Amino acid sequence: MSVKIIAEIGINHNGSVELAKQLIDVASVAGCDYVKFQKRNPEVCVPEHQKNKIRVTPWGDMKYIDYKHKIEFEKQEYDDLFSYAKQKNIGIFASVWDTDSVDFMKQYTDIMKIPSALVTKPDLLKYTREKSNYLMISTGMSTEEQVEEAVRCGNPDLIFHTNSTYPSPVQDLNLKYIEWLK
């Protein structure tokens with residue numbers, strides 16, 4: 001088994017393809033094997049009670065749902081980014097937050113990841129497993145029982161031991177847990 005380095009771009013591009021390309025450039029120069037984005041359907045992922053809440057964003061105050069739409073890449077942007085990543089000889093995939101996003105990403109890649117926040121969603125795990133050749137999950141927000149259920153439902157190819165606190169306090173990393181996951 002070889003080690004692969006994944007650069008987390010997530011939504012740090014703030015909806016800018018040019019910034020996303022700069023982040024891909026940095027990851028490529030650093031020798032990373034992959035860049036990872038996040039893909040979600042805001043209409044599905046943003047809870048109803050949150051959609052109209054006003055949030056402070058890089059573009060000023062706006063409704064949370066509007067912010068989520070503003071930072072979400074769609075087909076034209078992903079066509080461009082996948083082509084760009086190929087030119088830079090770096091792999092690209094996304095954490096998928098809903099079944100719409102699984103279907104969307106399937107047109108680009110067979111590699112998908114379920115984020116820590118959704119590892120407790122058996123239907124999403126099963127659906128993503130059916131649609132991907134390589135499935136990854138993160139454990140950062142899960143109990144041991146939830147991880148075991150996610151493994152049963154999704155049969156992931158890779159399990160990330162993660163800590164969902166940024167920056168992660170060293171005393172909370174518990175790197176020995178990786179041995180347990182193996």
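Pockets, helix faces and salt bridges

Guide: Helix 2 (42-45) and helix 4 (64-71) each give at least two residues to the lining of the second largest pocket; helices (H or I, at least four residues) and strands (E, at least two) are DSSP runs numbered from the N terminus. The model is predicted: local features need pLDDT of at least 70, side-chain atom pairs count only at pLDDT 80 or more, and totals for chains, interfaces and linings use all residues. Residues are numbered from 1 along each chain as its sequence is written, and side-chain values use heavy atoms, with hydrogens and water left out.

Visitor: What is the volume of the second largest pocket?

Guide: On a 1 Å grid over the protein atoms alone, a pocket is an open set of points where a 1.4 Å probe fits, with protein on both sides within 12 Å along at least five of seven lines; lining residues have an atom within 4 Å of a point. Grid points are joined across faces, edges and corners, and a volume is the space filled by probe spheres set on the points. For the second largest pocket, the volume is about 170 Å³.

Visitor: How many residues of the lining of the second largest pocket are charged?

Guide: The lining includes Arg40, Arg55 and Lys68, as well as Tyr64 and Trp97. Ala, Val, Leu, Ile, Met, Phe, Trp, Tyr, Cys and Pro count as nonpolar, Asp, Glu, Lys and Arg as charged, and the others, Gly among them, as polar. The division is seven nonpolar, one polar and, as charged residues, three.

Visitor: Which element gives the largest share of the lining of the largest pocket?

Guide: The largest pocket holds about 1,300 Å³ of space. Its lining has 39 residues, of which Ile6, Lys113, Ser138, Phe160 and Thr162 lie nearest the centre. Elements that give two or more residues to this lining include strand 2 (34-39), strand 8 (158-160) and helix 9 (177-181). The largest share, four residues, comes from strand 1.

Visitor: How many charged residues are in the lining of the largest pocket?

Guide: By class, the lining of the largest pocket has 22 nonpolar and 11 polar residues. The count of charged residues there is six.

Visitor: Why do the buried residues of helix 4 line one face of the helix?

Guide: Buried means under 20% relative accessible area, exposed over 50%, and partly exposed in between (1.4 Å probe, protein chains only). In helix 4 the buried residues are Tyr64, Ile65, Tyr67, Lys68 and Ile71. The arc is that of the directions from the helix axis to the C-beta atoms. Seen down the axis of helix 4, the buried residues line one face because they fall within an arc of 160°.

Visitor: Which residues are exposed on the face of helix 7 turned away from its buried side?

Guide: Helix 7 (residues 122-131) has Leu124, Leu125, Thr128 and Arg129 buried. These four cover an arc of only 130° around the axis, which puts them on the same side of helix 7. Their cover includes strand 5 (91-96), helix 6 (99-106) and helix 8 (144-154), where contact means heavy atoms within 4.5 Å. The face turned away carries the exposed residues Asp123 and Glu130.

Visitor: Is Lys51 buried or exposed?

Guide: A salt bridge is a side-chain nitrogen of Lys or Arg within 4 Å of a carboxyl oxygen of Asp or Glu. Lys51 forms one with Glu43, at 3.6 Å between the closest N and O atoms, and another with Glu48, at 2.7 Å. Glu43 is partly exposed at 42%, and Glu48 is exposed at 61%. With 9% relative accessibility, Lys51 is buried.

Visitor: How far apart are the closest N and O atoms of Asp110 and Lys106?

Guide: Asp110 is partly exposed, with a relative accessible area of 29%, and Lys106 is partly exposed at 34%. Asp110 and Lys106 form a salt bridge, in which the closest N and O atoms are apart by 2.5 Å.

Visitor: Which residues does Lys75 touch, not counting residues up to four places away in sequence?

Guide: Lys75 lies in helix 5 (residues 75-87). At 42% relative accessibility, Lys75 is partly exposed. Beyond those sequence neighbours, Lys75 touches Phe104, Gln107 and Tyr108.
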